[in-house]
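Here are a few exercises to work through with the structure in view. Try each task yourself, then read the solution step by step.

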Amino acid sequence: QVQLVESGGGLVQAGDSLRLSCVTSGRTFSNYAMGWFRQAPGKEREFVAAISGSASATDYADSVKERFTISRDNAKNTVYLHMNSLNPEDTAVYYCAADQSGYGSSIYYSTRRHDYDYWGQGTQVTVSS
C-alpha cells in the first residue's frame, strides 16, 4: 500500500508561481511512475504531468508545457510540480498519483488516469485574475 500526501497549494495571482509537493510512504518509491492530475469544478480529472521512476522520462499536457515542470527526489520519496506563469484556467484541485504498472522500469510513465493505482487527497490551487 502506498500513501500520498500533497501540499503547497494556495491562492495566488495570475503570473505567480507555486511548487506542489507529494510525499509518499514506502521504501520502493523509485519503482513507481508518478503523475499529477487536476480537477476543476464541474470538469473531469485531467492529466497534467508524469515522470518515470528514474526521472529519465517526463510528459506534460499541452496546456501546461513550458510552464510546469515535474521532478522527483527518490531519496526523499517526493515528487514535485513546479508551476510558473499561472493563470485562472489553472485553478483546480491538484492530485498526485502513483502507477505500479511499470514497476521497476526506469522509463515507463502513463498519461492515463486509470493506469494509476494510488492517489493523494488533493491540494487546492486557486489563481485570481
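Reading along the sequence, you get the pattern β-β-β-β-β-β-β-β-β-β-β for the protein chain. Before you start: this is a predicted model, where local features need pLDDT of at least 70, side-chain atom pairs count only at pLDDT 80 or more, and totals for chains, interfaces and linings use all residues. Residues are numbered from 1 along each chain as its sequence is written, and side-chain values use heavy atoms, with hydrogens and water left out.

**Exercise 1: The overall build**

Work out how many helices and strands the protein chain has, and check its radius of gyration against that of a compact globule.

Step 1. The tally is zero helices and 11 strands; helices (H or I, at least four residues) and strands (E, at least two) are DSSP runs, numbered from the N terminus.

Step 2. For 129 residues, a compact globule would have a radius of gyration near 14 Å, and the protein chain agrees, because it has 14 Å. That radius is taken over C-alpha atoms, and the globule rule is 2.2 Å times the number of residues to the power 0.38.

Step 3. Along the principal axes, the C-alpha atoms fill a box of roughly 40 × 25 × 25 Å.

Step 4. Buried residues make up 45% of the 129 residues. Here buried means under 20% relative accessible area, exposed over 50%, and partly exposed in between (1.4 Å probe, protein chains only).

**Exercise 2: The core**

Find which residues touch the most other members of the largest nonpolar core.

Step 1. Zoom in on methionine 83. Leaving out residues up to four places away in sequence, its contacts (heavy atoms within 4.5 Å) include Leu18, Arg67, Phe68, Tyr94 and Val125.

**Exercise 3: Charged pairs**

Track down the salt bridges: how many does a search of the whole structure find?

Step 1. Look for a side-chain nitrogen of Lys or Arg within 4 Å of a carboxyl oxygen of Asp or Glu. The search gives five salt bridges.

Step 2. Take arginine 67 and aspartate 90, whose side chains meet at 2.8 Å, N to O. This pair links distant parts of the chain, 23 residues apart: arginine 67 is in the loop between strand E6 (58-60) and strand E7 (68-73), and aspartate 90 in the loop between strand E8 (78-83) and strand E9 (92-99). Both residues are buried.

Step 3. Now glutamate 46 and arginine 38, with their closest N and O atoms 2.7 Å apart. Glutamate 46 is partly exposed at 36% relative accessible area, while arginine 38 is buried at 6%.

Notes:
A nonpolar core is a set of buried Ala, Val, Leu, Ile, Met, Phe, Trp, Tyr and Cys residues joined through side-chain atoms within 4.5 Å.
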